[in-house]
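Here is a friendly briefing to read alongside the model. Have the sequence and the structure open as you go.

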Amino acid sequence: MSPRPVGSRPTLSLVAETAGTSVPTVSKVLRGGTDVSAETRAKVMEAVRAVGYTRRGGAKIESVRDESGLSNVLTLVVTHFEGSWANLVIAGVGREAAAAGLDVVLTLAEPHGDWVSRVLRRRGVGTIGTLVDPTSRQFNALFAAGVPVVLIDPMSTPPPGVASIGVANWDGGRMAGEHLLSLGHERMGVVAGHARHLYSRARVDGFRAAADTAPAGGATVSVAYGGWNRAKAATATHTLLDKDPGITGIFACSDPMALGIYDALGARGLRIPEDVSVIGFDDLPEAYCVSPGLTTVRQPSTELGAAAVRLLIDLSRSEEGGTRRPARMELATELVVRASTGPAPAGAALRR
């Protein structure tokens with residue numbers, strides 16, 4: 001392979017030469033064509049990564065609809081549709097897209113499915129990902145095809161050039177901790193999501209930071225992981241209380257996990273908030289339907305979806321498409337106090 005001149009832009013020809021295939025085949029892979037073998041597709045995408053190829057410019061929102069009617073669409077990629085939070089985000093995406101004259105295609109990212117090729121086959125304005133953690137190879141494929149990408153609260157640190165929008169997770173965790181401290185709780189627990197998820201770690205870190213402000217280090221925080229799942233959160237709550245029966249306040253990193261805490265406390269004959277205060281994160285409909293009403297940190301879930309659409313449209317209209325490096329955007333969180341939190345009970349340290 002002949003050396004590429006210094007400062008020159010990688011071309012399809014260079015990708016084809018590196019992959020040992022033809023330019024039409026490379027182009028077909030980057031359009032999501034199905035009549036290419038998995039082996040050839042892998043070679044092309046490895047060559048794309050190796051030479052740093054990206055298509056000049058991204059999809060334009062002003063593009064004219066083709067015969068399929070799919071030119072003025074955006075793709076929303078998710079790993080599941082179930083759950084109140086996902087539904088609120090999808091609603092925000094749908095409403096904002098409709099206001100912009102766009103249609104939304106929902107794409108399910110199965111664990112071993114080739115969702116990227118399905119995205120590439122649509123000539124849309126770009127892709128929004130939520131509850132999905134793309135691999136570097138998947139990102140490379142989208143970049144190479146010039147597809148703008150916006151992630152909603154990414155699970156792991158996205159590569160340069162990927163826009164992301166989320167909420168003030170650390171600040172929300174801090175507010176939860178400060179609320180329990182203000183009620184006199186000194187022995188506290190956290191039921192976190194997954195240890196590797198950025199937003200779970202941020203919420204836990206913010207809560208710990210609040211506890212660190214307690215006078216003379218008087219507050220302790222124990223953490224167990226509930227995996228964003230109600231049943232697992234109940235198990236995590238039992239783990240916390242088995243290790244420290246004196247815990248009087250528990251912070252759940254999501255409202256569904258808070259319901260698991262309710263389950264575990266009920267099974268142990270403990271009352272909310274008389275024996276243990278509980279605070280969640282999300283402010284989903286479940287938070288005010290459960291009894292007692294759940295104190296929680298509200299995140300603007302619907303607005304997250306709407307803001308992601310606006311950001312994607314801005315990227316698709318920019319001269320550089322998806323190649324520039326946008327800053328992360330964050331929306332504020334706020335504390336919503338209901339009946340599940342109260343003053344720390346006296347003599348809690350003696351509880352068995």
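Asp283 is buried, with a relative accessible area of 13%; buried means under 20% relative accessible area, exposed over 50%, and partly exposed in between (1.4 Å probe, protein chains only). Its salt-bridge partner is Arg298, with the closest N and O atoms 2.6 Å apart. A salt bridge here is a side-chain nitrogen of Lys or Arg within 4 Å of a carboxyl oxygen of Asp or Glu.

This is a predicted model, in which local features need pLDDT of at least 70 and side-chain atom pairs count only at pLDDT 80 or more, while totals for chains, interfaces and linings use all residues. Residues are numbered from 1 along each chain as its sequence is written, and side-chain values use heavy atoms, leaving out hydrogens and water.

**Salt bridges**

- The Arg298–Asp283 pair links distant parts of the chain: Arg298 is in strand 10 (residues 295-298) and Asp283 in the loop between strand 9 (277-282) and helix 11 (285-289), 15 residues apart. Helices (H or I, at least four residues) and strands (E, at least two) are DSSP runs, numbered from the N terminus.
- Arg298 is partly exposed, at 31% relative accessible area.
- Asp283 and Arg298 also belong to a network of salt bridges with Glu334 and Arg338.
- Across the whole structure, a search finds 14 salt bridges.
- One of them joins Arg310 to Glu96, with the closest N and O atoms 3.4 Å apart. This pair connects helix 12 (Arg310) with helix 4 (Glu96), 214 residues apart.
- Arg310 is partly exposed at 34% relative accessibility, and Glu96 is partly exposed at 23%.
- Within helix 7 (residues 169-182), Glu178 and Arg174 lie four residues apart, about one turn of the helix. Their side chains meet in a salt bridge of 2.7 Å, N to O.
- Glu178 counts as partly exposed, at 37% relative accessibility.

- Six of the six residues of strand 1 (residues 73-78) are buried, so the strand is largely enclosed by the rest of the structure.
- Val73, Thr75 and Val77 point one way from strand 1, while Leu74, Leu76 and Val78 point the other way.
- Strand 1 runs parallel to strand 2 (residues 103-108), joined by six bridges; two strands pair if DSSP finds at least two bridges between them. Val77 stands opposite Thr107 in strand 2.
- From strand 1 the chain crosses through helix 4 (residues 84-99) to strand 2, a right-handed β-α-β crossover. Right-handed means that, with the strands pointing away from the viewer, the path from the first strand over the helix to the second runs clockwise.
- Four bridges join strand 1 to strand 3 (residues 126-130), also parallel, and Leu76 stands opposite Ile128 there.

**Helix 12**

- The 17 residues of helix 12 (residues 301-317) should span 24 Å, and the end C-alpha atoms are 25 Å apart, which agrees. The expected span is 1.5 Å times one less than the number of residues.
- Twelve of the 17 residues are buried, so helix 12 is largely enclosed by the rest of the structure. Among them are Leu304, Val309, Leu312 and Ile313.

**Helix 3**

- Lys43 is found in helix 3 (residues 38-51) and is partly exposed, with a relative accessible area of 43%.
- Lys43 and Ala19 are 24 residues apart in sequence and 5.4 Å apart in space, C-alpha to C-alpha.
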